[in-house]
Amino acid sequence: MKKIVIIIIAIFVIASSTFLTFNIIKSVKFQNEITEKEKKLEQLKNSLDKNKEKETTKETEYENLKKEKNEQLKELNEWQEKIDELKKVL
Amino acid sequence: MARKNRRIKKSFIIIILSIVLLLTIGANLFILYKNKNSEKESLKLDKEYQTAKKNLDLEEENLTKLTSDLDNVTNIDEKIANAKKEYFENIKKLEDKILKGESNKKIAYLTFDDGPYYNTYNVLNILDKYNVKATFFTTSINGEKCFDNSKENCLKLYKEYVKRGHTIANHTFTHGIFKGLYSSKESFINALKKQEERVKEQTGGYITNIVRFPGGSATAGRLKNSIIEELRKNNYGWVDWSAEDGDGRGLNSKEEAWETFTKTIDEKIEVVLFHDYSTYTLAILPKAIEYLQNNGYILLPLFYESNVINK
C-alpha cells in the first residue's frame with residue numbers, strides 16, 4: 001500500500017517538476033521579451049526627445065525669419081493666389 | 001526490527017516526496033502568478049511603444065513641414081521669382097489657347113502711358129480697389145517733380161508700381177516726338193536706354209524690356225524698321241495698342257472717353273491705351289474695368305513673352 005502511495009506521489013512530483021521547468025523557461029522568455037521591449041521603448045523616447053529639441057530650434061528660427069521676411073511672404077502668397085486664380089480659367 | 005525499519009523508511013520517503021510535491025506546486029503557483037504579471041507588463045509596453053511610435057511619426061511629419069516652411073522663407077526671393085515666372089507662363093498658355101480658339105476667355109491688358117504723374121496715385125488706388133494689375137509705360141518728361149503737382153516727387157512712384165504688382169515698361173526718357181527722338185535710330189535707342197537706367201535706379205534693380213513707341217510705332221515713319229531691328233538686337237519687345245479711350249488725342253468730356261472706349265473693345269485679346277495724366281480716364285476707369293470684367297475679360301499686366309509683344 002505504501003509503495004503505491006509512494007509511486008503516486010512520485011508521479012505527481014515528476015509532473016509538477018516538469019510543469020515547473022516549463023513555467024521557469026516561459027518566465028525567462030517573458031523577462032527577455034520585457035527587457036527587449038523596454039530597450040526599444042527607451043530608444044524611441046530618445047528619438048522623440050531629439051526630434052522635439054530639433055523642432056523647438058527650427059520653430060524659433062522659423063518665427064524669427066518669418067518676422068524678418070514678412071513683406072516678402074505676403075508677396076509670395078499674393079503671387080500664389082494669382083497663379084491659382086489663373087489655373088481656374090486655363 | 002527490520003520490518004519496522006522498512007516501514008519507517010517508507011513513511012519518511014512519503015513525507016519527503018509530499019514536501020517536494022508541495023514545494024513544486026507552490027513554486028508553480030508563484031511562477032504562474034509572476035508570468036501573468038509579466039504578460040500584462042509586456043502588453044502595457046506594447047501599448048506604450050505604439051503610442052510613442054505614433055508620436056514620433058507625428059513629430060517627424062511636423063519636422064518635415066517645418067523644414068519645408070523654413071526652406072521657403074530662407075529662399076523667399078527665389079520662390080517669388082519662380083512664382084512670377086509660373087504666373088506669366090500660365091498667362092502665355094491662356095493666350096495661346098485663346099488664339100487657337102480653344103478657350104472662350106478674353107484678356108485685356110490695361111496700359112498707361114507717359115507717367116509717372118501725381119494723378120498716377122489715383123489710378124493705382126482704383127486698380128488696387130479692383131485688384132487689377134496693369135502696365136505703366138514710363139518716361140522722364142516730368143523730371144523729379146510731378147508735372148501736375150510740383151510739390152510732389154514723382155520718382156517715388158516707380159517703387160509704388162513694383163510694390164503694387166504692376167509691370168513697368170519703357171516709353172523712352174524724353175518722349176521727344178518733336179524734339180529729335182525719331183531723328184535717328186541711335187537717338188531713339190539712347191532715349192530708351194536712359195529710361196531703362198532710370199527705372200532700374202528708382203526701383204533698386206527692376207529691368208524692363210517692353211517698349212512702346214511714343215505716338216505709336218507708325219510715328220517713327222521711315223525709321224520704324226531700323227528701330228525695330230535695333231530693338232530685336234537689344235532683346236526689347238514692343239507693342240502698340242488695339243483699344244483706347246482717346247485721352248492721348250485730347251478729350252472734351254468723360255462721356256467722349258467712354259464712347260471711344262466701348263467702341264474700340266471688340267477683340268479677344270485687347271491692349272488698351274490710357275494715359276496717367278488724364279482726369280477723364282480717371283473718371284471712367286472704374287466703369288471701364290467693370291465693363292471689361294462683365295464682358296468676360298481677364299485683366300492682366302503685360303510681360304515680354306506675351307503674344308502681343310512684337311519681338
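Tutor: Start with H175(B). This is a predicted model. H175(B) counts as buried, because 21 other C-beta atoms lie within 10 Å.

Student: What makes 21 enough for H175(B) to be called buried?

Tutor: The cut-off is 20 or more other C-beta atoms within 10 Å. H175(B) has 21, so the label is buried.

Student: Where is H175(B) in chain B?

Tutor: H175(B) sits in the loop between strand 5 and helix 5 of chain B. H175(B) is not a glycine, and its phi is positive, about 50°.

Student: What is the phi of T172(B)?

Tutor: About 75°, again positive and again not in a glycine. T172(B) is in the loop between strand 5 (167–170) and helix 5 (185–203) of chain B.

Student: Is T172(B) buried or exposed?

Tutor: T172(B) has 27 C-beta neighbours inside 10 Å, so it counts as buried.

Student: How do you know that D276(B) is buried?

Tutor: Count the neighbours again. D276(B) has 28 C-beta neighbours inside 10 Å. The cut-off is 20 or more, so D276(B) is buried.

Student: Which residues does D276(B) touch, leaving out those up to four places away in sequence?

Tutor: F112(B), D114(B), G115(B), P116(B), Y117(B), N119(B), T120(B) and V123(B). D276(B) itself lies in the loop between strand 9 (269–275) and helix 8 (279–294) of chain B. Compare sequence with space for D276(B) and T111(B): they are 165 residues apart in sequence, and 9.2 Å apart from C-alpha to C-alpha.

Student: What is the peptide bond from G115(B) to P116(B)?

Tutor: That bond is cis, with omega near 5°. Most peptide bonds are trans. P116(B) lies in the loop between strand 1 (106–113) and helix 3 (120–129) of chain B. P116(B) is also one of the residues that D276(B) touches.

Student: Now the helices. Why are helix 2 of chain A and helix 2 of chain B called roughly parallel?

Tutor: Take the angle. Helix 2 (residues 70–89) of chain A and helix 2 (residues 76–100) of chain B pack at about 20°, with axes 9 Å apart. Angles under 35 degrees count as roughly parallel, so this pair gets the label. The crossing of helix 2 of chain A past helix 2 of chain B is left-handed.

Student: Which residues make the contact between these two helices?

Tutor: From helix 2 of chain A, they include L73(A), L76(A), W79(A), I83(A) and L86(A). From helix 2 of chain B, they include I76(B), I80(B), A83(B), Y87(B) and L94(B). By class, the contact has 12 nonpolar, three polar and six charged residues.

Student: How many residues of chain B are in contact with chain A?

Tutor: 50 residues of chain B meet 51 residues of chain A. Helix 1 (2–74) and helix 2 of chain B each supply at least two residues of that side of chain B. Helix 1 of chain B gives the most, with 36 residues. The side of chain B that touches chain A has 24 nonpolar, 12 polar and 14 charged residues.

Student: At what angle do helix 7 and helix 8 of chain B pack?

Tutor: Helix 7 (residues 254–264) of chain B packs against helix 8 of chain B at about 35°, with axes 9 Å apart. This crossing is right-handed. Among the residues that meet are W258(B) and F261(B) in helix 7, and I284(B) and Y291(B) in helix 8. The contact has eight nonpolar, two polar and two charged residues.

Student: How many helices and strands does chain A have?

Tutor: Two helices and zero strands.

Student: What makes chain A more spread out than a compact globule?

Tutor: Its radius of gyration is 35 Å, while the globule rule gives 12 Å for 90 residues. The value is well over the rule, so chain A is more spread out than a compact globule. Of its 90 residues, 6% count as buried.

Student: What are the figures for chain B?

Tutor: Chain B has a radius of gyration of 41 Å; a compact globule of 311 residues would have one near 19 Å. The C-alpha trace of chain B spans about 155 × 45 × 40 Å along its principal axes. Chain B has eight helices and 10 strands, and 33% of its 311 residues count as buried.

Methods
Residues numbered from 1 in each chain as written. Chains lettered and ligands numbered in written order. Predicted model: local features only at pLDDT ≥ 70, side-chain atom pairs only at ≥ 80, totals over all residues. Helix = DSSP H or I, 4+ residues; strand = E, 2+ residues; numbered from the N terminus. Buried ≥ 20, exposed ≤ 12 C-beta atoms within 10 Å, placed from the backbone. Contact = placed C-beta atoms within 7 Å. Axes fitted to C-alpha atoms, helices over the stretch in contact; angles between N-to-C directions. Parallel < 35°, antiparallel > 145°, perpendicular 65-115°, else oblique. Left-handed = near helix turned anticlockwise from the far one by under 90°. Nonpolar A, V, L, I, M, F, W, Y, C, P; charged D, E, K, R; others polar. Rg over C-alpha atoms; globule rule 2.2 N^0.38 Å.
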